[in-house]
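Me: I would like to learn how to read ring pairs and helix packing from a set of coordinates. Please take one structure and go through it with me.

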Amino acid sequence: MPAATLTYEEKREFERLDEAVVMGVKAAKVVMKAGAALARIRDGQLFRDTASTWDAYLKGHGLTRRRADQLIQAARIIEGVEEVLAEAGTPVPDLSGVTESSARQLTGLDKRTAAAAVAEAASSADGLT
């Protein structure tokens, strides 16, 4: 471990900023869970006791239909990749660092092709980005 070179003020600033990084990483994971939850709520119309329409439900959460669709799409892509890799007996890489926007880059690929792309990226020197 390198010798401490930060001043007291710098150390406090680093601690505050590092906490923001930790919260950001957690938030990315929660966003993916939100996409899966939105899909289930929409598909089962589980909103019907609290809102008259899907759009009304989304509006209550400050979401547009487009944004909800993006979150759902990203969650489904990651779920599909995990499913294919598990079925193939391939060790599933840690996908917790995959962001919603990066998952959406796989849109249009069938889940097997997306899984192959993720597995290849995970095995590269740069890993998943």
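This is a predicted model: local features need pLDDT of at least 70, side-chain atom pairs count only at pLDDT 80 or more; totals for chains, interfaces and linings use all residues.

Me: How many aromatic pairs does the structure hold?

Reply: Two rings pair if their centres lie within 6.5 Å. The structure holds 3 such pairs. In one of them, the ring centres of Phe-47 and Trp-54 are 5.8 Å apart with the planes at 50 degrees, so this pair is tilted.

Me: Are the rings of Trp-54 and Tyr-57 stacked or tilted?

Reply: Planes under 30 degrees apart count as stacked. For Trp-54 and Tyr-57 the planes are at 20 degrees and the centres 5.7 Å apart, so the pair is stacked. Both residues belong to helix 2 (residues 54–60), where being 3 residues apart separates them by about one helical turn.

Me: Which residues form one aromatic cluster?

Reply: The cluster consists of Phe-47, Trp-54 and Tyr-57.

Me: Is Trp-54 buried or exposed?

Reply: A residue is called buried under 20% relative accessible area. Trp-54 has 7% relative accessibility, so it counts as buried. Phe-47 is buried too, at 8%, and Tyr-57 counts as buried at 15%.

Me: Now the helices. At what angle do helix 1 and helix 3 pack?

Reply: An angle of 65 to 115 degrees counts as roughly perpendicular. Helix 1 (residues 8–43) packs against helix 3 at about 105 degrees, and their axes are 7 Å apart. The two helices are therefore roughly perpendicular to each other.

Me: Which residues make that contact?

Reply: Helix 1 contributes Val-31, Met-32, Gly-35, Ala-36, Leu-38, Ala-39, Arg-42 and Asp-43. From helix 3 come Ala-68, Asp-69, Leu-71, Ile-72, Ala-74, Ala-75, Arg-76, Ile-78 and Glu-79. By class, the contact of helix 1 with helix 3 has 11 nonpolar, 1 polar and 5 charged residues.

Me: How are helix 3 and helix 5 oriented, roughly parallel or roughly perpendicular?

Reply: The axes of helix 3 (residues 65–87) and helix 5 (residues 111–123) come within 8 Å and cross at roughly 80 degrees. That makes helix 3 roughly perpendicular to helix 5.

Me: Which residues of helix 3 and helix 5 meet?

Reply: On the helix 3 side they are Gly-80, Val-81, Glu-83, Val-84, Leu-85 and Glu-87. Their partners in helix 5 are Lys-111, Arg-112, Ala-114, Ala-115, Val-118 and Ala-119. The residues of this contact divide into 7 nonpolar, 1 polar and 4 charged.

Conventions. Residues are numbered from 1 along each chain as its sequence is written. Side-chain values use heavy atoms; hydrogens and water are left out. Rings of Phe, Tyr and Trp (its six-membered ring) pair if their centres lie within 6.5 Å; planes under 30 degrees apart count as stacked, over 60 as edge-to-face and the rest as tilted. Buried means under 20% relative accessible area, exposed over 50%, partly exposed in between (1.4 Å probe, protein chains only). Helices (H or I, at least four residues) and strands (E, at least two) are DSSP runs, numbered from the N terminus. Axes are lines fitted to C-alpha atoms, for helices over the stretch in contact, and angles run from 0 to 180 degrees between N-to-C directions. Angles under 35 degrees count as roughly parallel, over 145 as roughly antiparallel, 65 to 115 as roughly perpendicular and the rest as oblique. Contact means heavy atoms within 4.5 Å. Ala, Val, Leu, Ile, Met, Phe, Trp, Tyr, Cys and Pro count as nonpolar, Asp, Glu, Lys and Arg as charged, and the others, Gly among them, as polar.
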